[in-house]
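Here is a short briefing on one protein chain. It covers salt bridges, a helix and a loop residue.

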Amino acid sequence: MAVFRTPEVAPGEYGDLFEFLMKELKLFKRQLVIMLKHVQTGESMVFEEAWYDYHLKDRLTHLLKTDDYAAVAALPINKKGQTGIYIETRYVKSGKLVGLQLVEARPHEGGRYVGLTPAVVFTDADGERMLPFAQKLK
């Protein structure tokens with residue numbers, strides 16, 4: 001059981017969840033060209049995005065940094081792409097791995113995407129505990 005977090009790479013910006021899973025933790029491997037499989041379970045990665053009203057940015061940032069997932073789950077989710085912030089989730093269906101991160105799209109900075117919170121990766125029992133939360137973020 002473990003919980004891993006990305007470090008801050010610039011003031012208020014954190015390392016990317018996908019890069020963290022693939023390159024640093026090496027918890028997924030590529031099979032064929034685009035299929036990503038968990039190295040231990042062989043399960044495919046599930047990828048979801050939950051978009052939120054932009055005025056919730058500071059609140060979401062605070063809630064995720066303090067691990068208040070119950071409060072996050074109570075917030076309303078928008079339709080995809082209607083705002084500039086979203087929670088990215090990547091997990092396997094067994095819950096042996098659940099990762100999430102609050103991301104901001106910044107078209108005014110050349111279309112850059114910025115992690116506003118550390119990418120958090122939950123494994124084993126911690127991942128199984130977080131799976132219901134991650135599955136609600138669609």
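**Salt bridges and helix packing**

Arg112 and Glu13 join their side chains in a salt bridge, 2.9 Å from N to O. A salt bridge here is a side-chain nitrogen of Lys or Arg within 4 Å of a carboxyl oxygen of Asp or Glu. The pair links distant parts of the chain, 99 residues apart: Arg112 lies in strand β9 (residues 112-115), Glu13 in strand β3 (residues 13-14). The model is predicted: local features need pLDDT of at least 70, side-chain atom pairs count only at pLDDT 80 or more, and totals for chains, interfaces and linings use all residues. Residues are numbered from 1 along each chain as its sequence is written, and side-chain values use heavy atoms, leaving out hydrogens and water.

**Salt bridges**
- Arg112 is partly exposed at 33% relative accessibility, while Glu13 is buried at 15% (buried is under 20% relative accessible area, exposed over 50%, partly exposed in between; 1.4 Å probe, protein chains only).
- Glu104 and Arg106 also form a salt bridge, with closest N and O atoms 3.0 Å apart.
- Both Arg106 and Glu104 are buried.
- Shared partners join Glu13, Lys57, Glu104, Arg106, Glu109 and Arg112 into one network of salt bridges.
- The count comes to eleven salt bridges.

**Helix α1**
- Helices (H or I, at least four residues) and strands (E, at least two) are DSSP runs, numbered from the N terminus.
- Helix α1 spans residues 17-24, and its buried residues are Leu17, Phe18, Phe20, Leu21 and Met22.

**Lys93**
- Lys93 sits in the loop between β7 and β8.
- Lys93 is exposed, at 66% relative accessible area.
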